[in-house]
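Trainee: I have a model open and want to learn how to read it. Can we go through it together?

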Amino acid sequence: MLSCAEFRFQVGAEPRKQTVQQILHGIGCPSCLRYLIAMRNLERVLLKAFSVDPPSEHLSSGGSRLGTKASDPSHHSSDKSQK
Ligand SMILES: [Zn+2]
């Protein structure tokens with residue numbers, strides 16, 4: 001079980017990412033649950049204020065980055081050396 005201090009520290013560091021332990025703590029501890037909600041709202045406000053692009057991944061979607069290699073450079077360079 002997380003202590004309130006640990007809970008708030010973790011939520012403060014990453015308001016968008018809740019672990020099972022955090023959720024369990026929030027169920028048993030209404031004041032921390034309020035803190036979590038406040039932090040999440042605050043973060044949304046801050047993101048808007050600084051006009052950072054909105055987070056596309058909602059809750060911890062591992063981070064699959066496909067499609068970054070659209071162009072293949074090896075295709076190009078091999079043409080000149082053939083001559
Ligand atoms: Zn608490």
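Trainee: Which residues in α1 meet which residues in α3?

Mentor: A word on the source first. This is a predicted model: local features need pLDDT of at least 70, side-chain atom pairs count only at pLDDT 80 or more, and totals for chains, interfaces and linings use all residues. Residues are numbered from 1 along each chain as its sequence is written. Contact means C-beta atoms, placed from the backbone, within 7 Å. Here Cys4, Phe7, Arg8, Val11 and Gly12 of α1 meet Cys32, Tyr35, Leu36 and Met39 of α3. By class, that contact has seven nonpolar, one polar and one charged residues.

Trainee: At what angle do the axes of α1 and α3 cross?

Mentor: Axes are lines fitted to C-alpha atoms, for helices over the stretch in contact, and angles run from 0 to 180 degrees between N-to-C directions. The axes of α1 (residues 4–13) and α3 cross at roughly 10 degrees and come within 10 Å. That makes the pair roughly parallel, a label for angles under 35 degrees.

Trainee: Is α3 largely buried or in the open?

Mentor: A residue is buried if 20 or more other C-beta atoms lie within 10 Å of its own. In α3, the number buried is two of 20 residues, so this helix lies largely in the open. Across the chain, buried residues make up 8% of the 83 residues.

Trainee: What comes just after α3?

Mentor: Serine 51 takes a positive phi of about 45 degrees.

Key: A residue is buried if 20 or more other C-beta atoms lie within 10 Å of its own, exposed if 12 or fewer, and partly exposed in between; C-beta atoms are placed from the backbone. Helices (H or I, at least four residues) and strands (E, at least two) are DSSP runs, numbered from the N terminus. Angles under 35 degrees count as roughly parallel, over 145 as roughly antiparallel, 65 to 115 as roughly perpendicular and the rest as oblique. Two residues are in contact if their C-beta atoms, placed from the backbone, lie within 7 Å. Ala, Val, Leu, Ile, Met, Phe, Trp, Tyr, Cys and Pro count as nonpolar, Asp, Glu, Lys and Arg as charged, and the others, Gly among them, as polar.
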